[in-house]
Amino acid sequence: MSSDLFRVIGGPQNYAWGKLGSSSAVARFAHANDPEHVSIDESLPYAELWMGTHPKVPTTLYSSGEKLADVISSNPEKYLGPKIIAKFGSKTELPFLFKVLSIEKVLSIQAHPDKKLAGQLHKSDPKNYPDDNHKPEMAVALTDFEAFCGFKPLSLIKEHLEKIPEFSKLVGADITQEYISSPSKATLQKVFSKVMNAEEDVVAKYAGELLERTKSQPEAFGATLADLIQRLDVQFPGDVGLFCGCLMLNHCILKSGEAMFLQACEPHAYISGDIMECMAASDNVIRAGFTPKFKDVAVLVDSLTYSTNNVEEQKLTPAPFARGSGDATFALYDPPIDEFSVLQIEFKSSGKAQMKGVDGPSILIVSEGTGKLFIKGEESSSTLDAFEGGVYFIAPDAEVEIVNTSGKPFTLYRAYCEA
Ligand SMILES: NNC(=O)[C@@H](O)[C@H](O)[C@H](O)COP(=O)(O)O
Ligand SMILES: [Zn+2]
C-alpha cells in the first residue's frame, strides 16, 4: 500500500431530509465503503456522507481504522504540505469538508457565517455553532438538482408583493409600500425581517390562503412557483419557508454536472436531488425555516448581505484542468475561495487517464462505475480497486493514474486544496 494513495472511510449523517434507505446514494456509498460496519436500514433517511477531518464525523483509514486527522498530524509536511500548513495554520485538519448529499425533502432555509461572525457565534453558543470557521460552499449536481439560492432580483420580489395578497398582508401595508416605492437592500431586509419574525399562527393562516391561491389563481405565481409551493407545503405545512423561500429566493435548477457556489451570509436551501458538496471545514449553519432544528432568526436576518442576483448568475461554470490527460474528461469547479476546488474525472468507456500532482491534500470519491487507481510508476505496489462509493486520500504532489477496463462509464470527484 502506498502512503501517498490510500483508501479511507467517510461517515453518514441520517438527517430527516435525506432519501430513505438504498434509494439514497449516501447509504449505497457508505455501505460500499465500509460493508463490515454499515448496513442499510431501509426505514432510515441517509442525508450526508462526510469525508474530511471535521471532528463531528472523522474520516478513518480503511486499512487501520486510524483517524485521518491523526495520520496527518503524524507527518503534516507530507500529508498537508508546508504551504497549506503555513496558509491555514493547522497541522491536523484538511481545510475543506467534502460531502455527498442525497436529498428527499427540502433542507432548512439557512446561511453560513463569515469568519468574524463564526468566531463570535462559536464563542457565545458553541452548542449550536461547533467551530469558529466560515462555511462558503459549492454544490455539483450528480442528478437533476434544485435549490433556493440567493435573493431574487428586487423587481421580482416587488411583483410578488403586488400580485400575491397573502405576501403583502404578512409583510404589512407600511413595509410593503416602502419596498414597492423603493426596492433596495435596506427595504428588502425590512421585508425579510417582517416575514421571519411573524408569529407562527399568522404565518400558518396566510400560508393556507397562499396555497389556495396557487390552485385558484396559478397565473399570479407562474407555473413552476405554484407547483413548488404546493410541493413544499406537503413537506412543511404552513411553514414560513413558503414565503421567505418560495417568494423571496431564486429557485435554481441544475442538471447533472452543473454547479453553484454560495459565499458565506447568502440565504439558500437545497430542495431535491443528489450532489457532491464541498465547503470550508465547518458545520456552522444559521437556520430559520423548513426545519425542526434550532432556528436563529435574529442572527440570520442581521447577517445576510441582501445582495440579489438572477438565477443564472448563481451558477459556476467548470474550467479545463491542464494537469489531466488521457481518455477521461476533466472539469474543474474552482470557486473564488482558498479552501477547495473540485475536479470531476469522467470516462465514457474503457481507457486510462493521468493526473499530475497538486500542491496540497486531496479526497477522491467514485460516484459511478469501477476501475483501478495507482501512483504513477508504482503500479505493482500501489494499485487500489476503485468502486462506486470508494473514497481515497491522495497526498500532495502524488501523480495518480486511473484505469477503466469495464467498458462502462466511470466517474470520480476529487476535492483538493492548493496554496
Ligand atoms: N447547504 N447545505 C449545507 O450547508 C450542508 O452542508 C449542511 O450540513 C446542511 O445545513 C444540513 O441541513 P440542515 O441544517 O439539516 O437543514
Ligand atoms: Zn448550506
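## Basis of the description

In this predicted model, local features need pLDDT of at least 70 and side-chain atom pairs count only at pLDDT 80 or more, whereas totals for chains, interfaces and linings use all residues. Residues are numbered from 1 along each chain as its sequence is written, chains are lettered from A and ligands numbered from 1 in the order in which they are written, and side-chain values use heavy atoms, with hydrogens and water left out.

His112 lies in the loop between β8 (109-111) and α5 (115-124) and His268 in strand β13 (residues 268-280), so the pair ties together parts that are 156 residues apart in sequence. Helices (H or I, at least four residues) and strands (E, at least two) are DSSP runs, numbered from the N terminus.

Both His112 and His268 are buried, a term that stands for under 20% relative accessible area, with exposed meaning over 50% (1.4 Å probe, protein chains only). Gln110, in strand β8, is also buried, with a relative accessible area of 9%. Its side chain makes a polar contact of 3.0 Å with that of His112; such a contact is a pair of N or O atoms within 3.5 Å, and within protein one must be able to donate a hydrogen and the other to accept it, while residues adjacent in sequence count only if both atoms are side-chain atoms. Beyond four places in sequence, the residues that Gln110 touches include Glu137, Glu266 and His268, where contact means heavy atoms within 4.5 Å.

Helix α8 (residues 173-181) has Ile175, Thr176, Tyr179 and Ile180 as its buried residues. Seen down the axis of α8, these fall within an arc of 130 degrees, so they line one face of the helix; the arc is that of the directions from the helix axis to the C-beta atoms. The face turned away from this buried side carries the exposed residues Ala173, Asp174 and Ser181. The cover over the buried residues of α8 includes α6 (154-163), α7 (165-171) and α9 (185-196).

In helix α1 (residues 25-33), the buried residues include Val26 and Phe29. At its start, a side-chain oxygen of Ser24 comes within 3.0 Å of the backbone nitrogen of Val26.

## Two buried loop residues

Tyr306 occupies the loop between α13 (297-303) and β15 (315-316) and is buried at 3% relative accessibility. Its side chain reaches the backbone oxygen of Val301 at 2.6 Å. The C-alpha atoms of Tyr306 and Gln189 are separated by 6.7 Å, although the two residues are 117 residues apart along the chain.

Ser90, in the loop between α4 (82-88) and β7 (96-103), is buried with a relative accessible area of 18%. A polar atom of its side chain lies 2.9 Å from the backbone nitrogen of Glu93.

## Annotated spans

UniProt (unreviewed entry) lists residues 5-154 as "domain: Phosphomannose isomerase type I catalytic"; this span is 25% helix and 27% strand. For residues 332-374, the UniProt annotation (unreviewed entry) is "domain: Phosphomannose isomerase type I C-terminal"; this span is 0% helix and 58% strand. UniProt positions are given in the numbering used here, feature names are shortened, and annotations may be inferred rather than shown by experiment.
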